[in-house]
Every structure is written in C-alpha cells, then in structure tokens.
Amino acid sequence: KTTDTDGTVLSTPDLAAAPAGAAPVAAFDARTIDAAGMRIGVSAEDLQAAITRLYGKPDRTPRGPRSDYDPRFAGEIELDLMRCIYVQGRAYYDKDGIVRQVRIQRVLPRFDYEQARAAAIARFGPAAALRGGNTPELSWGSKDPKLGPALVLRIDPYGNTLSFGYSEVRAGSLDLTLTDVAWAAATAALSAN
C-alpha cells in the first residue's frame, strides 16, 4: 500500500503476477530498450553525444580512487536534469568505453500507481518480480548479485515533497535502471575486488 504522511491509504497496488498458463514471453533483453534516450551497450562517446543533443552537456568522470560504485565500471556520465533540484541521469561505462548501466529518475506531478504499472507492463512485458511497499518496484530479466536486475522500475506516485522558496509541491517519481547483466555475469570476478 502507498500511504500519505497522515496514514491515509492512497493506493493499493495490484501485485498479481502474470496469469498461469500465459503464453511464454521472449527473454527480456535490456539492450533493446532505452531510458529517456539513454541505452546500454553503446559507446560512452555516442551516449554522451545523445545526452548533449537531448538534454545538455553532461559531466563525464573517470573512476577515481574514492569512487564508491562497482569496480567493474571505469567511469560515469552524469546529468542533472532539473538543475535547481537534483534529479539524476547517470550512465556507467566499462574499461572498453561501453555503457553497461543507465539510471534515470523523473519527478512528475502526482500520478496513479496502477496506470504507471500497467504502462510499464505494456511496454516491457510481464514483470519477473514485483515488490510492494511505499515505493513499489517492478523488475524484468535476470539479475546480477551486485548490480541488480536487467531492468528495475521504482514507482513512487506520491512520496516526494519538493520545496520551491516558500511553497511545497507533492510529486511522484519514476526511477528506471537498465543493466547489462550478460556483461555483468562475464565480469563477476572483477566485482569481488
């Protein structure tokens, strides 16, 4: 259930899995989709050019000695999509300069969880896993133990309060992460370092 700060139930998500006997679904491949124009499996240069064209110039940072992200990543490309409040768009690339993970967060006016869930399933197919709570999560494809599922979508239709000067606005957010789990499996030994 999603509840407001006063405990009022705002929505009760339908966490039913795909019906038994449903037609088999093709294996989910995160490399065939994009997250707001960002894709995995492309060169960091191509992704940086696409982000610049779509949103503005991102920051590209090679992995440093104090980087706290997975050691299989050689660096990151980051874009603050709202400039005044931090709403991230981030991509991580490997030592060969290939983008292996993308995360994008969008802040939206309040929206209906069921509509967001139905739209995600219509776009990506039946979810492999569903988790409830105040920020329901749907995921698709196989998982890497450290990086997570090939695609994970966290839906928070009501939970953010944004402050602008003297006013506050209640807003929701969608947080989408794409991961190249085939690459992650092939490089699993490196993540132990």
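Select aspartate 29 to begin: its side chain reaches the backbone nitrogen of arginine 31 at 3.0 Å, a polar contact in the sense of a pair of N or O atoms within 3.5 Å, where within protein one must be able to donate a hydrogen and the other to accept it, and where residues adjacent in sequence count only if both atoms are side-chain atoms. The model is a predicted one, in which local features need pLDDT of at least 70 and side-chain atom pairs count only at pLDDT 80 or more, while totals for chains, interfaces and linings use all residues. Residues are numbered from 1 along each chain as its sequence is written, and side-chain values use heavy atoms, with hydrogens and water left out.

Stay on aspartate 29 for a moment, which lies in the loop between strand S2 (9-11) and helix H1; helices (H or I, at least four residues) and strands (E, at least two) are DSSP runs, numbered from the N terminus. At 27% relative accessibility aspartate 29 counts as partly exposed, the range between buried, under 20% relative accessible area, and exposed, over 50%, with a 1.4 Å probe and protein chains only.

Leaving aside neighbours within four places in sequence, threonine 179 is in contact (heavy atoms within 4.5 Å) with residues including Ala30, Ile40, Arg100 and Gln101. Which side chain makes a polar contact with the side chain of threonine 179? That of glutamine 101 does, at 2.8 Å. Glutamine 101 is found in strand S6 (residues 99-109) and is buried, with a relative accessible area of 9%. Not counting residues up to four places away in sequence, glutamine 101 also touches Phe73, Tyr92 and Leu147, among others.

**Salt bridges**

Side chains of opposite charge can pair when their charged atoms come close. Taking a salt bridge as a side-chain nitrogen of Lys or Arg within 4 Å of a carboxyl oxygen of Asp or Glu, the count comes to 14 salt bridges. Select arginine 103 and aspartate 175, whose closest N and O atoms are 2.3 Å apart. Arginine 103 lies in strand S6 and aspartate 175 in strand S10 (residues 167-179), so this pair ties together parts that are 72 residues apart in sequence. Arginine 103 is partly exposed, with a relative accessible area of 31%, whereas aspartate 175, at 5% relative accessibility, counts as buried.

Then select arginine 60 and glutamate 45, another salt bridge, with the closest N and O atoms 3.4 Å apart. This pair links distant parts of the chain, since arginine 60 is in strand S3 (residues 59-62) and glutamate 45 in helix H1 (residues 44-54), 15 residues apart. A further pair to display is glutamate 137 with arginine 131, at 3.6 Å between the closest N and O atoms; here glutamate 137 is buried, with a relative accessible area of 15%, and arginine 131 is partly exposed, with a relative accessible area of 45%. Salt bridges that share partners also join Asp70, Arg72 and Asp144 into one network.

**Helix H2**

In H2, Tyr113, Ala116, Arg117, Ala120 and Phe124 are buried. They cover an arc of only 100 degrees around the axis, which puts them on the same side of H2, the arc being that of the directions from the helix axis to the C-beta atoms. On the other side of H2, Gln115 and Ala122 are exposed. Just after H2, glycine 125 takes a positive phi of about 95 degrees.

**The nonpolar cores**

Finish with the cores, each a set of buried Ala, Val, Leu, Ile, Met, Phe, Trp, Tyr and Cys residues joined through side-chain atoms within 4.5 Å. Of the 30 residues in the largest nonpolar core, Val102, Trp140 and Leu178 touch the most other members. The elements that give two or more residues to this core include H1, S6, H2 and S10. Centre the view on tryptophan 140: among the residues that it touches, not counting those up to four places away in sequence, are Phe28, Ala120, Phe124, Gly125 and Leu153. A second, separate core of six residues includes Tyr69, Leu147, Trp183 and Ala184.
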